[in-house]
Amino acid sequence: MAMDNLSASLAIAGSGLSAQSQRIRVATENLANSESTGKTPGALPYTRKILSFDQELDAATGAELVTIGDVEADRSPYRIENIPGHPAADAQGNVKLPNVNVLVELADIREGARSYEANLQVLKQVRHLETLTIDILKV
């Protein structure tokens, strides 16, 4: 059963809100753990997570919706700093630090927030159009 364009727009914007919310959550988690090291000598630190998006055809609306794909570990190398005396330092005093770039995560959070706001504006506009349509039908 095909739905009207306004309902399809609501579904698309709703899926966008959900996807951007997850994106911000993952980037925030990466940012919060940007200095999380292992607790024992030679232990691996926090590994950055990467979120991917997919698209899925919604049978009810006939629209392509955004869905969350896999959340994978970033395979880029860890940063290494010489910090003798650190609990995670190896015999030479080198400590593996997370492969998180704070600036990249901040930019991702900002872009996700803007996309979230754009989807929210679509929802507001569609609701406004539906209200106008109902008002016209009352006359």
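Glu35 is exposed, because its relative accessibility is 54%; here buried means under 20% relative accessible area, exposed over 50%, and partly exposed in between, with a 1.4 Å probe and protein chains only. The model is a predicted one, in which local features need pLDDT of at least 70 and side-chain atom pairs count only at pLDDT 80 or more, while totals for chains, interfaces and linings use all residues. Residues are numbered from 1 along each chain as its sequence is written, and side-chain values use heavy atoms, with hydrogens and water left out.

Glu35 takes part in a salt bridge with Arg79, with 4.0 Å between the closest N and O atoms. Arg79 lies in strand E3 (residues 79-82) and Glu35 in the loop between H1 and E1, so the contact ties together parts that are 44 residues apart in sequence. Arg79 is partly exposed because its relative accessibility is 30%. The term salt bridge denotes a side-chain nitrogen of Lys or Arg within 4 Å of a carboxyl oxygen of Asp or Glu. Helices (H or I, at least four residues) and strands (E, at least two) are DSSP runs, numbered from the N terminus.

How many salt bridges does a search of the whole structure find? The search finds seven. One of them pairs Asp108 with Arg23, whose closest N and O atoms are 2.7 Å apart. This pair links distant parts of the chain, since Asp108 belongs to helix H2 (residues 102-138) and Arg23 to helix H1 (residues 5-32), 85 residues apart. Arg23 counts as buried because its relative accessibility is 12%, whereas Asp108 has a relative accessible area of 22% and is therefore partly exposed.

Attention now turns to the strands. E1 and E2 pair in the antiparallel sense over nine bridges; pairing requires that DSSP finds at least two bridges between two strands. The two strands form a hairpin with four residues between them, and Gly62 in the turn has a positive phi of about 75 degrees. Within this pairing, Phe53 has Ile68 in E2 as its bridge partner.

Phe53 and Ile68 also belong, with Val66 and Val71, to a nonpolar surface patch that has about 280 Å² of accessible area together. Such areas come from the Shrake-Rupley method with a 1.4 Å probe, and for residues only the protein chains shown count as cover. Patches are made of residues with over 30% relative accessible area and no salt bridge, like charges being joined within 9 Å and nonpolar side chains (Val, Leu, Ile, Met, Phe, Trp, Tyr) within 5 Å. E2 gives the most to the nonpolar patch, with three residues. Val71 lies in strand E2 and is partly exposed because its relative accessibility is 44%.

Which residues form the negative surface patch? They are Asp54, Glu56, Asp70 and Glu72. Asp and Glu count as negative and Lys and Arg as positive, with His and the chain ends not counted; the place of a charge is taken as NZ of Lys, CZ of Arg, CG of Asp or CD of Glu. Strand E1 (49-58) and strand E2 (63-73) each supply at least two residues of the negative patch. Asp54 is found in strand E1 and counts as partly exposed because its relative accessibility is 43%.
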